[in-house]
Amino acid sequence: MTRRIPASIDATLELLRGGDYVADRSLATVLYLALKLGRPLFTEGEAGVGKTEIAKVLAQTLGRRLIRLQCYEGLDAASAVYEWNYARQMIEIRLAEAQGTVDRDMLGSDVFNERFLIRRPLLEALQPQPEGPPVLLIDELDRTDEPFEAYLLEVLSDFQVTIPELGTVKAPEAPIVVITSNRTREIHDALKRRCFYHWVDYPDAAREQQILAVKAPGAPARLTRQVVGFVQELRRMDLFKAPGVAESIDWATALSELNVLDLDPRTINDTLGVLLKYQDDIQRLQGSEAAQILERVKSEMLVGQAG
């Protein structure tokens with residue numbers, strides 16, 4: 001069922017909670033403003049902190065269609081916006097030639113119409129939808145090349161694209177746009193100016209415990225606190241890739257499946273591949289390093305309970 005855009009920051013927080021997304025107030029504020037004023041939301045942050053999930057939760061809770069453009073190096077208009085169905089066009093041309101009624105001008109207008117147009121995510125997001133404007137997720141924009149980034153300016157400024165053979169296609173209502181970047185390169189200021197910006201950071205321990213309580217409900221409360229404490233310690237280290245919230249959820253879920261009630265060094269060593277994704281990081285943590293971190297975490301938990 002389609003829902004209205006939230007009417008306040010608190011309502012935006014509730015909307016996100018309804019999709020099991022535990023957000024802080026700063027994110028809810030900028031998201032509320034983006035929805036209210038019809039501006040794209042540009043989010044940056046480390047991988048696995050929940051940027052993509054924002055768009056998914058919005059589509060789910062607002063009852064809108066989610067249209068996702070997954071970016072990659074070499075992405076062009078044919079893959080992102082539209083292309084012509086050349087095979088069908090050739091069949092149409094051959095049929096006209098076989099009938100002996102070929103009028104070049106008429107045939108040209110016949111084969112370059114919407115029947116032969118293949119809509120890719122950006123053009124599809126500009127089409128009217130029964131449930132209302134869709135949620136357009138442009139994911140990992142930093143993976144694309146700068147020319148494609150420049151192409152997006154028309155889309156994000158006026159929510160329209162120009163097709164030379166057909167003219168300008170403009171959205172009757174602007175889609176809800178969420179753009180994500182892992183900041184592997186800087187995005188041009190011209191694009192950022194068209195958006196509201198938010199840096200999605202790693203959560204503090206309290207909010208991460210709330211996230212795990214929602215996303216990994218099978219994990220005991222004590223284990224959840226240990227997982228969060230251990231992960232928070234890892235993020236302070238100079239690792240090749242610190243674990244994100246997604247990895248915390250995966251680890252807590254995996255430990256729960258193994259019926260672990262209390263972290264111990266052996267269990268950590270056996271399951272580090274769930275939490276860390278680079279062998280250099282795993283080798284650094286295995287053994288005494290992990291045991292020392294766990295000891296600090298458990299000591300801090302005891303001090304907290306005593307206080």
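A salt bridge is taken here as a side-chain nitrogen of Lys or Arg within 4 Å of a carboxyl oxygen of Asp or Glu. By this rule the predicted model contains 18 salt bridges. Local features in this predicted model need pLDDT of at least 70 and side-chain atom pairs count only at pLDDT 80 or more, while totals for chains, interfaces and linings use all residues. Residues are numbered from 1 along each chain as its sequence is written, and side-chain values use heavy atoms, with hydrogens and water left out.

Helices (H or I, at least four residues) and strands (E, at least two) are DSSP runs numbered from the N terminus. Two strands are treated as paired if DSSP finds at least two bridges between them. Five strands form an open sheet with parallel pairing, in the order 2-5-8-1-9. Strand 2 (66–70) and strand 9 (196–199) are the edge strands, each pairing on one side only. From one strand to the next, the twist averages 20°; axes are lines fitted to C-alpha atoms, for helices over the stretch in contact, and angles run from 0 to 180 degrees between N-to-C directions. Helix 2 (residues 25–37) packs on the sheet and touches strand 1 (41–44), strand 8 (176–181) and strand 9, where contact means heavy atoms within 4.5 Å. The direction of helix 2 makes about 160° with that of strand 9.

Strand 2 and strand 5 (residues 135–139) pair in the parallel sense over five bridges, and Asp139 in strand 5 is the bridge partner of Gln70. Asp139 also forms a salt bridge with Arg68, with the closest N and O atoms 2.7 Å apart. This pair links strand 5 to strand 2, across 71 residues of the chain. Asp139 is buried, with a relative accessible area of 2%, whereas Arg68 is partly exposed at 37%; buried means under 20% relative accessible area, exposed over 50%, and partly exposed in between (1.4 Å probe, protein chains only).

A further salt bridge joins the side chains of Arg65 and Glu124 (2.9 Å, N to O). Arg65 lies in the loop between helix 3 and strand 2 and Glu124 in helix 7, so the pair ties together parts 59 residues apart in sequence.

A nonpolar core is a set of buried Ala, Val, Leu, Ile, Met, Phe, Trp, Tyr and Cys residues joined through side-chain atoms within 4.5 Å. The largest such core has 32 residues, and Leu122, Ile138, Leu141, Ile179 and Leu191 have the most contacts inside it. Helix 8 (146–158) is among the elements that each supply at least two residues of this core, and its four residues are the largest share. Leaving aside neighbours within four places in sequence, Leu141 is in contact with residues including Phe42, Cys71, Ile179 and Leu191. A second, separate core of 31 residues includes Met237, Val260, Leu272 and Leu294.

The structure holds zero disulfides, a disulfide being a pair of cysteine sulfur atoms within 2.5 Å. The sulfur of Cys71 is 12 Å from the closest cysteine sulfur, in Cys195, and is therefore too far for a bond. Cys71 is buried at 2% relative accessible area, and Cys195 is buried at 7%.
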